[in-house]
Amino acid sequence: MTGTQAEATTVEEAGKALPPKLFVSISPHFKATETVSKIMWTVVACLIPPLVLSVFVFGFQTLIIALVSVVSCVATEAISNRCLKRPVGTIKDGSAVITGLLLAYIIPPGVPYWMPILGGVMAIYVTKVLMGGIGYNMFNPALIGRAFLVATYPVAMTSAWLPPIRDAAVFKYMGAGVDAVSTATPLYILKHYGIAEVIERFGSLSVIYRDFFFGWRPGCIAETSALVLIIGGLYLIYKKYITWHTPVSVIASVAFFTWIFGGEKFFTGNPLLAVLSGGVIIGAFFMATDYVTSPTQVTGKLIFGAGIGALTVLIRLKGGYPEGVCYAILLMNPLTPALDRWFKPKRFAPQPEEGA
Amino acid sequence: MAIKEKTNTQLFVDGILKENPIFKLALSMCPAVGISTSVMNGILLGTAVLFVQVCSSCTISLVRNYIHPKIRIPTYTLTIATWVTVIDLVLAAYVPVAYKAMGLFVRLIVAFAIITMRLEMFASKEPVGKSFWDGLGMGLGFMFAMMVLGFVRELLGSGMILGYDVLGFKPLLFFVLPCAGFFVVGIMMGFFNWIEVAYNRRKEV
Amino acid sequence: MKEIIKITFALTISCVIAAAAMGLTYTATAKAKKHNHHMNVQNAMIGLLGFGEDNPAPSDLKFLNVYRYIVEDGEKKFLGYMVPVEKGSEEAYEMVLIDLEGNFVEKLEVPISAEKAEEAHDRATALQKVLAPPKIFTYADASVIATAGGKRLGYVLPGQFPGFRTFIHALVAMDPKFELLGLEIMEHEEDAGLGKEIEQEYFRNQFKGKTYEKLKTLQVIKKPLPMEYKKYLEKSKWEDGMFTEEHIAEIRKQYKDADIYAITASTISSKAVTDGVKNVAKKFAYRIGKLDSVLKKEKIHAAF
C-alpha cells in the first residue's frame with residue numbers, strides 16, 4: 001500500500017515539472033526535485049545527533065575520530081579520482097561523508113586516531129573507487145572498512161570500548177591510555193558470561209532497557225542511543241528516502257530469532273535486549289538501506305532484512321565475535337542483484353511495445 | 001597471424017614474465033592465496049612446483065605420441081601424482097631437512113592447475129627439450145610470483161622478511177589472513193599489467 | 001567397443017607403470033625413511049627431556065616403550081599393557097592384563113626381543129601366540145618411559161589429535177610428577193602462516209613447566225602474547241646476556257599459571273593442540289597410576 005502511494009505522490013510532484021509536449025526519452029521519465037546529493041546530505045544530517053550525543057557519553061575524542069574518518073574518506077575519494085582521471089566533484093555528493101561517518105560510528109571510541117584513516121582508505125578506495133565509483137560497489141564501504149580494521153587490529157578493535165561518562169566530563173579520556181579504562185560491551189559479556197553478569201554490571205533489566213535506549217552504555221558511537229537513531233531513521237522514512245521494509249524486517253528477525261534461540265531453552269531469549277544492544281538499529285536504518293548495496297523491491301527488501309537478522313543472531317550466538325551485524329550485512333550485500341532479479345515488479349502494461 | 005617458433009630462452013623468459021602463471025594466466029590461485037604468507041613459503045612451494053613441473057613436462061613430452069587422446073587428462077594426473085609421490089618419498093628418505101620444510105607443500109601439488117595446464121598446452125605437443133625449458137620457466141615464474149606475494153604479505157602482515165624482523169612491529173595483520181591473498185594477487189596483477197602496458201607503449205614510441 | 005577396450009588397456013598400462021614407479025621408489029626409500037623418522041623421534045625425545053649440546057644426555061639414558069592393547073575375551077574387555085621387564089640381565093616383555101576397574105587379571109610372557117618389539121607387525125605375531133583366539137587384541141597406543149641410572153626421568157607420550165585440517169601428531173613430555181616438560185609437533189597439515197605456527201617455539205614452549213594441577217584446567221586465551229614472554233619462550237633466539245638468572249626466574253614465576261596464549265588468527269589450531277595435550281596427559285597420568293599400582297602389587301619387576 002505505502003509503496004504505491006509513495007510512487008503516486010512522487011509521480012504527481014514530478015509531473016509538474018513535465019514539459020507540455022510529449023517526447024520520447026529513456027527512463028527516468030519524471031524528474032523529481034530529489035537528487036542523490038540532497039538525499040545523501042539529509043542522511044548526513046540524520047547521522048549528526050548520535051555523534052553529538054556520543055561526545056557526552058564517551059567524551060570529546062569521538063568527535064575527533066569522526067572528523068578523521070570523514071576527512072580521510074573524502075580525501076581518499078578526491079585523490080583516487082584525480083589519479084584515475086575521473087571527476088573529482090563526486091565528493092560533493094556527500095556519499096563519502098556518509099561512509100566516513102558510518103565508519104567512525106561502528107568502531108570502538110577508544111581506538112587510536114590514525115586507525116580510521118586506514119579504514120577510510122579501504123572503504124573508499126578499495127570498496128568503492130576500484131569497483132567503479134558510486135553506484136558500482138557491491139559491498140557497503142563503511143562495513144568493509146570496519147571488517148578490514150577488525151582483521152588487522154583485532155585487539156584494539158575488540159577491546160577499546162569505554163565506559164560511559166555520567167558526569168559530563170567530556171575530556172576525561174582524551175589523554176588517558178585506553179587500556180587503563182577499557183571495558184567490555186554488553187554483548188561481549190552476554191556471550192561470555194551470560195545474562196546474569198550483564199544484569200550485575202549494568203543494573204536491573206529495566207535500567208538496562210532505559211540506559212540502552214537513551215544511550216548510556218559501552219559500545220561504539222552508533223550504539224549510544226537507540227532513540228536518536230530511530231528518530232533519524234524515521235525522518236528518512238517520512239521523507240521517503242528509505243522504506244520501512246528493510247529496517248522493520250531486520251529488527252523483527254533479530255528479535256524473532258533471538259527469542260527462539262537466544263535463551264538456554266528454546267523460546268526463552270530476550271529479544272528486546274538483543275535489538276537494543278550492538279549495531280542492530282544503525283545497521284537496520286542506515287546500512288541495510290544503502291541504495292547501492294540493497295535490493296530495490298519490496299519482497300527483496302524483506303528477504304534481505306530477514307537474512308541480515310538471521311545471520312546476525314547466528315554470528316552472535318555461535319560465531320567467534322560477540323556482534324554480527326557488520327558481517328551479516330556484508331554477507332547479504334552480494335545477494336542484492338539476485339534478489340532484484342528474482343523479485344521483479346509486475347509490469348503494468350501487458351506488452352511493453354504498446355506502452356511506448 | 002603466423003606463430004613464430006619460440007627459442008628455448010624465450011620459452012624460459014616468457015614463463016617467468018609474459019606468461020607468468022599467477023599474474024598473467026591466473027592459474028593455481030588457491031595456493032597463491034593460501035600459502036603465500038611469507039617469502040620462505042613461496043620459495044618452498046615454488047621449488048616443489050618447479051621440480052614436479054619439469055619432471056612431469058619431460059615425462060609427458062617423452063610419451064606424447066603414445067597417449068590416447070581420450071584419456072589425456074587422467075594420464076597427466078597420474079604422471080603428476082607419481083612424480084609428487086616419488087619426490088615426497090625421496091625427500092623423506094635422503095634429505096630429511098628439506099622434507100621437514102617442504103613435505104607439506106609437495107603433497108599439495110597434485111591438484112595444481114598450472115601443471116596440468118602446461119602439460120596439456122605445451123608438453124603434449126612439443127619435444128622434450130622445449131618442454132623442459134617451458135617447465136623450468138613456468139616453475140620459476142610460479143616461484144617468482146609466490147615470492148613477490150610472500151614478500152608483500154610477510155612485510156606488511158608480520159613486519160618480517162625471510163623470518164628476520166625488519167620493522168620490529170606488525171603493521172597490518174590483515175595481510176597474513178587468507179582473504180588478503182586475493183587482495184595482494186589482484187593488486188600485483190594490476191601492477192604487472194601496468195608495467196607491461198607502459199613497456200609496450202615505450203617500445204612503440 | 002574396440003575404442004573402449006583400447007582406452008581401458010591404455011589406462012591400465014599407464015596405471016601399472018605409475019604404480020611400478022611409485023612402488024620401486026617406496027621400496028628403495030622405505031628403510032632410509034624409517035630410519036630418518038626414528039632418528040627424528042629419538043632426537044625430539046632427547047630434546048624434550050631437556051638434554052642438548054650444553055647438557056648432554058646420560059649414557060645410560062633409555063627409552064622404554066609400553067604398548068597398550070585392548071583385549072577382548074568374548075564379552076569381557078581388558079587393557080593389556082606390554083611392559084618391558086628385567087629378567088636377570090636380559091630384557092623381556094610381559095603382557096599385563098588389567099580389567100577396566102584397574103584390577104590385575106593375569107600376566108603373560110611375550111616371546112619377543114627388544115629390537116623386534118618396536119615393529120608393530122612382529123609384536124602382533126608374538127602376541128598371537130599368547131593371546132590365542134577367542135581373545136582378540138587391538139593396538140591402542142604406545143608410551144615411552146625414559147630412565148637413567150635406574151630412575152624414571154620422565155614420560156614421552158605420542159599424541160594424535162584432530163587439528164584444523166587433519167590429525168596433528170605430537171610428542172608430549174612429562175616428568176614423573178606429571179609436570180609438562182615440553183611439547184614437540186611432529187607432523188601436521190595446518191595452514192602455512194597461520195596454524196603452522198603451532199610448530200613455533202613461542203607457542204610450544206608455553207606448555208613447558210605447567211603443573212599437572214594447572215594442566216587440568218588449561219585453556220586458550222585470545223590475548224596478545226606479551227613481548228617479554230615471547231622473547232623468553234623463543235629459547236633458540238636468545239642472545240648472550242639477554243636474560244639474567246633473576247629475570248628468567250621472575251618471568252617463569254609470572255607466567256607459571258598462565259593459560260595458553262592463542263596464535264593470532266589461528267585460535268582453532270591453538271585450541272586443538274591445547275585440548276589434545278590436556279587429554280593425552282590426563283589419560284596417561286590416570287593409566288600409569290593404575291599400572292604402577294598393579295605392577296607393585298603383583299611384584300612385577302618392570303624395567304622402569
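Trainee: Why are helix α4 of chain B and helix α1 of chain C called roughly parallel?

Mentor: In this predicted model, α4(B) (residues 72-94) and α1(C) (residues 2-48) pack at an angle of about 10°, with their axes 7 Å apart. Angles under 35 degrees count as roughly parallel, over 145 as roughly antiparallel, 65 to 115 as roughly perpendicular and the rest as oblique, and therefore α4(B) is roughly parallel to α1(C). Residues are numbered from 1 along each chain as its sequence is written, and chains are lettered from A in the order in which they are written. Local features need pLDDT of at least 70, while side-chain atom pairs count only at pLDDT 80 or more.

Trainee: How many residues does each chain bring to the contact?

Mentor: With contact meaning heavy atoms within 4.5 Å, chain B gives 25 residues and chain C gives 25 residues.

Trainee: What is the area buried between chain B and chain C, and what share do carbon and sulfur atoms give?

Mentor: Buried area is the accessible area (1.4 Å probe) that two parts lose on being put together, summed over both. Between chain B and chain C this comes to about 2300 Å², of which carbon and sulfur atoms give 70%.

Terms used
Side-chain values use heavy atoms; hydrogens and water are left out. Axes are lines fitted to C-alpha atoms, for helices over the stretch in contact, and angles run from 0 to 180 degrees between N-to-C directions. Helices (H or I, at least four residues) and strands (E, at least two) are DSSP runs, numbered from the N terminus.
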